[in-house]
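Hi,

Here's the structure I said I'd pass along.

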Amino acid sequence: MIEQKISELLKKFKENKISEEEIIFNLKNSAVENLGFAEIDHQREFRQGFPEVIYAAGKTKEQVSKIMQSLYEKSEGNLMATRASLEQFKFVSKNLPAAEYDEIARMIYVDRDKKIIRDKNRIILILTAGTSDIPVAEEARLTAYLWGNEVKTFYDCGVAGIHRLFKHIDDIERANVIIVVAGMEGALASVVGGLTDKPVIAVPTSVGYGASFHGIAALLAMLNSCAAGVSVVNIDNGFGAGVLASKINKMR
């Protein structure tokens, strides 16, 4: 969309239909749209390959709707609003019927690439220690999927029953990037890191009893992992893990 706009402006300039000042004005105004409560970065898709992602928590349903509508009209890629509520989705979908909602991942999204051919030889694998970690893992899964990746998941295979993990050893060896989501003591990331030569992205979750300190125990355990090649994102940050995994997966 941005490339097309620049091309059209340059064509008009060559035909003396527009001045240099008008080109500068148009480009400045197409870069950022001020809605009063938000300034939308419409060039992010051009710079990073994906439109600006909305963090819906703390925003009103009207704000989420206006931002998403603007992004839908002025971008070409898939759209995402993370940490979104069902109430926000119902309001958004009134003006944007293409929007969908994943209640577990807590995400409003528009999937414009349903026919995309994903590289099945470059798989992002997502593992969770427990069932309670699934919401964060699903945020990571849907993020990576919407960014154009082939994603596979295995849930509830933590160290308390480590034999469950070993059932998936072939998939661990075949994966190109691995996301490990774990709360409690966060030990699963170290175990997986010791089983593979592929990058492991560890996601600590806020799941656990009192001494887990809402995910701080898992975060510190993952940061102190003795397994080489384990990187750590913030507590409950499935979105960040999904984006990082996608960027690694698409490198050639």
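Let's start with L188. Leaving aside residues up to four places away in sequence, L188 touches T128, A129, C157, G158, V159, L165, V180 and A182. Do keep in mind that this is a predicted model.

L188 also belongs to the largest nonpolar core, which has 19 residues. L188 is listed there among the residues with the most contacts inside that core, together with L125, L127, L165, I178, V180 and V192. As for where the core comes from, the elements giving it two or more residues are β7, β9 (177–182), α9 (188–193) and β10 (200–204).

You'll find R118 in the loop between β6 (107–110) and β7 (123–128). Is R118 buried or exposed? R118 has a relative accessible area of 12%, so it counts as buried, the cut-off being under 20%.

What does R118 touch, not counting residues up to four places away in sequence? The list is D113, Y145, G148, N149 and E150. Take G148: it sits 30 residues from R118 in sequence, yet the two are 6.4 Å apart in space, C-alpha to C-alpha.

Cheers

Methods:
Residues numbered from 1 in each chain as written. Predicted model: local features only at pLDDT ≥ 70, side-chain atom pairs only at ≥ 80, totals over all residues. Heavy atoms only, no water. Helix = DSSP H or I, 4+ residues; strand = E, 2+ residues; numbered from the N terminus. Buried < 20%, exposed > 50% of the residue type's maximum accessible area, 1.4 Å probe, protein only. Contact = heavy atoms within 4.5 Å. Core = buried A, V, L, I, M, F, W, Y, C linked by side-chain atoms within 4.5 Å.
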